[in-house]
Structures are given as structure tokens and as C-alpha cells.
Amino acid sequence: MTVTPLRCVVPMSDLTAAPFNYVFQDVVIVRVSAANSYPGFGPASPRSDALTGAAIRVLPVQMAAPTEDSSSTDATVTMNWVAISGTDAGNSAVIAYSLYWDGGNATLDPATSFLPLVDDLVQTFTVNSVTGGMTYRFVVTSRNIYGYGPNSAVTTLQPHDAPGKTDIPTVALDALDLRQVKISWNAPNDHSAPILHYQILFMKVNGQFVPELTSCDGSLTGLTPLVSGARHCSVPMTTLRTLTALPRDSLIRVKV
């Protein structure tokens, strides 16, 4: 009788358990002997190659936490993550990356109850229709043929975007002091992030727009931090004539 095929398959889990107790990256060493009708086995073969033989493989390691892409807005969030390979992937090719989130539910446990978003061999995913200002949490993991690695650390974010365009400001003589020009404006869409400061620019005679920072500094750390909260400021007419070099009776033009 001939024994065929001349091969066998051993689960990796058997090799890492007793009595073999191989550990990650160990090369499995094997010898083979044959038996026939004569009692006992013949001499064993030489050892298998200790350099190029099959190495013990395991689950992937924990990945780095996913990061928010700069293209995200207060309505759409794109998450990116870094691919892994080699020993980080357990010396086995990654089959897919899985992104999970809490959907805005702060009670969900990231280890057990986060919701799946994607399971594919990709490194980015876009979540549409998020709510600006709401807190969301994300984790990512990878899997090879042996299963899923541990979840990454949690990334927490609140969708937001740059402020919208400010409406045309109002420029008029200050009713309380006709020697000053009052500039006022409405708050634009803040896109779910508090507005930190404004920039108020006056047009010079050459068409260039420049700030006036003594009376109309719109930064919270400037000389007049209340400008940002009140959304108005008044500048002496003499200051504007010097700043803009505009001739008498010229229209004062302002951008915010």
C-alpha cells in the first residue's frame, strides 16, 4: 500500500499549544520518517530548513488610532488610517481593515458595541450626514486569515468647518459721535465651531485692504476684544483718512 498524499496540514493553533509551544515568528522545524511492514520506522530525514521554512503567524497587532482628514466638514467626516504589514500584520497578509464608530451614542462600549462602518482593504472612509458639534468616536482594526486584531485606541472628534462668508458689513457715521465711522456686521454660519475672531479690512486709495488695529481689532487677544462679541467698532474719521489716503468725500469700503 502506498500512502498518499505525501503531505499533512497542521493548524497554527496546534503548533503554538503544548507540547510544541512555538511562539510568534518561530520557524517550524520538521523531520519525517517512514514505516513499512517491517516493525518500526526507518531513519528520520534531516531537519527542515530553519531559515526559509514556515514561520508561526498570529493575529495583527493593535493599529494606530484613525485620524480625521482635513477635507472633513460639519456635515461629512472622512477618516484615514495607516496600513500595517510584516510582523505588525502577524506575518500574514491583511485581508481587510474595519472601521467602527458609536454613531454619536456616548453609551456604547468601543470594545464590544461600536457599529461597523466598513470592512474592506481600504485606508479611508467617509461618513455622510453627521451632525456638526456632536461628539463621535471611532476605532479601527485589521484582520488576517487568523482573525481580527485588537481595536485601536479611540479617536474622538466633533465635526466642524471654517466659518461661512460674512455678509457685506454696514459702514455709517456713528450716531453717538459723528466724528467716527461705525462698522457693524452679522455673524456668519460658524459651522459648529465657535468663532474666535474677525478681521476688519479697510480699502486704501491703491485698492489694497488693510486692518486698523487700534479701534477695530477683531481678535479676542487684541486691544479691543469686545469687537468680536459685539460685531461692531468705531474708528475716528481722522484715523481712516490717514490709513486709507482716500480723498475727501470718497466712499469708505470695508471687508470682514
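User: Buried means under 20% relative accessible area, exposed means over 50%, and partly exposed is in between (1.4 Å probe, protein chains only). With that in mind, is D102 buried or exposed?

Analyst: D102 is buried, and R137 is too. Bear in mind that this is a predicted model, where local features need pLDDT of at least 70, side-chain atom pairs need 80 or more, and totals for chains, interfaces and linings use all residues. Residues are numbered from 1 along each chain as its sequence is written, and side-chain values use heavy atoms, without hydrogens or water.

User: What do the side chains of D102 and R137 do together?

Analyst: They meet in a salt bridge, 2.7 Å from N to O. D102 sits in the loop between β3 and β4 (115–120), while R137 is in strand β6, so the pair links distant parts of the chain, 35 residues apart. A salt bridge here is a side-chain nitrogen of Lys or Arg within 4 Å of a carboxyl oxygen of Asp or Glu. Strands are DSSP runs (E, at least two residues), numbered from the N terminus.

User: How many salt bridges does the structure hold?

Analyst: Three. One of them joins R143 and D119, with the closest N and O atoms 2.8 Å apart. That pair also links distant parts of the chain, strand β6 for R143 and strand β4 for D119, 24 residues apart. R143 is partly exposed at 22%, and D119 is partly exposed at 36%. Another joins R179 and D177 at 3.1 Å, and R179 counts as exposed because its relative accessibility is 64%.

User: New topic: where is Y136 found?

Analyst: Y136 is in strand β6, residues 136–144. Y136 counts as buried because its relative accessibility is 4%.

User: Which residues is Y136 in contact with, leaving aside neighbours within four places in sequence?

Analyst: Among them are W101, D102, V130, T131, L157 and P159. Contact means heavy atoms within 4.5 Å. A polar atom of the Y136 side chain also lies 2.9 Å from the backbone nitrogen of T131.

User: And I95, where does that lie?

Analyst: I95 is in the loop between β2 (76–80) and β3 (96–101). I95 counts as partly exposed because its relative accessibility is 38%.

Key
Helices (H or I, at least four residues) and strands (E, at least two) are DSSP runs, numbered from the N terminus. A polar contact is a pair of N or O atoms within 3.5 Å; within protein, one must be able to donate a hydrogen and the other to accept it, and residues adjacent in sequence count only if both atoms are side-chain atoms.
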